[in-house]
Amino acid sequence: MSARLGTGAAPGKVILFGEHAVVYGQPAVAAAMSTGLGATVEPASGAPALRIPSWGRGGLEVRAGEAGPSSIARGFTRALEVLGLAGEPLAVTIEGDLPLGVGLGSSAAFAVSLLRALADYRAVPLGGAALLAAAAEVETVFHGTPSGLDHTVVTRGGCLRFARGETPAFRPVRLARPLPAVIAWSPREGSTRDAVEGLRARRDALPAAYDGLFAAMGAVAEAGVAALEAGDLATVGRLFDLNHGYLNACGVSSLANETMVALARRHGAVGAKLTGAGLGGAIIALCPDDAEGVATALVDAGFRAIVSRIG
Ligand code: PMV
């Protein structure tokens, strides 16, 4: 048994442009947050144990191989197998401000921070394509067939443009400067799958109408890449607002999403949109002037909010 500690970290992610439209072949843009998760591995006794104090009510604690529906336990078991550490007497603690299940890449950050810490503990190198493949395996436990967007952004960091079916599917977007943002969230009213399947049914009933919306979101994403690379925050903000309007038209927004977006704009955000699958969950507001003031207004209204630099 190793006496050393292993550590690993990974950021959360936000989708800046193109969620949902990306399912229909349009480009999307996603970026790493300055907020994330950090994992520490230490020797212990008994079956491998995992503790995440900030998730669940009063913290989550699981043991590897534990029976039951916990995808965290299954993801943990898978990560140990990938690193050849199944059954090792060790304890992992994962800490950080990234909330679980609101569309901020928590499962990818969980997988990548855990894999990095376990590799460090075993003193084996794990990076590049091998880390991406391992993260995809662990994420499959949570999402079935992940698109790769989350764990690619979380592993590589920075900002990436993604389009299914293009080669390469990921291209770096070189931000002229980091984005000063407020991320706020409320519990989800439905899963990513609910949001994607609901939109699929609406689109199949009126394909021409919805495909026009997806194309418009693709154009917003392309204009967004140009504005991000030029450091033109006013235009990025306007494009956030436009993208949010299209997502609302698609039926994936919620009362909480609309309230958070409206509050952020009223308190000085230059643009705001839901981020991720919607039906509740997270929003991103671009706040070059008074990010703290916007975050405080959202918290005062009963939402969770953090100030984060993007990219
Ligand atoms: O699961 P989330 O909230 O990060 O969002 C997924 C993004 C979607 O475009 C809605 C779905 C997908 O597979 O791309």
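How many residues surround the ligand, and which are the closest? In this predicted model, 13 residues surround the ligand, and the closest are Lys13, His20, Arg188, Thr192 and Ala277. The ligand sits in the largest pocket.

**Where the ligand lies**
- Domain 1 (6–172) and domain 2 (179–310) both give residues to the shell around the ligand, which means that the ligand lies between these domains.
- Two or more residues of the shell come from each of the elements β1 (6–17) and α5 (192–205).

- Start with Arg188: an N or O atom in its side chain is 2.5 Å from an oxygen atom of the ligand.
- Next, look at Lys13, where a polar side-chain atom lies 2.8 Å from an oxygen atom of the ligand.
- For Ala277, look to the backbone: an N or O atom there lies 2.8 Å from an oxygen atom of the ligand.
- On its own, the ligand has 380 Å² of accessible area, and the protein covers 86% of it.

- As background, most peptide bonds are trans, and most residues other than glycine have a negative phi.
- The peptide bond from Thr167 to Pro168 is cis, with omega near -5 degrees.
- You can find Pro168 in the loop between β6 (159–162) and β7 (170–172).
- His20, one of the closest residues to the ligand, has a positive phi, near 70 degrees, although this residue is not glycine.
- His20 belongs to the loop that runs between β1 and β2 (28–43).

Definitions and conventions. Residues numbered from 1 in each chain as written. Predicted model: local features only at pLDDT ≥ 70, side-chain atom pairs only at ≥ 80, totals over all residues. Heavy atoms only, no water. Near = heavy atom within 4 Å. Polar contact = N/O pair within 3.5 Å; in protein donor to acceptor, adjacent residues only side chain to side chain. Areas by Shrake-Rupley, 256 points an atom, 1.4 Å probe, with all protein chains shown as cover. 1 Å grid on protein atoms, 1.4 Å probe; cavity = no way out; pocket = protein on both sides within 12 Å on 5 of 7 lines; lining within 4 Å. Sits in = over half its atoms within 2 Å of the grid points. Helix = DSSP H or I, 4+ residues; strand = E, 2+ residues; numbered from the N terminus. Domains from an automatic or database assignment.
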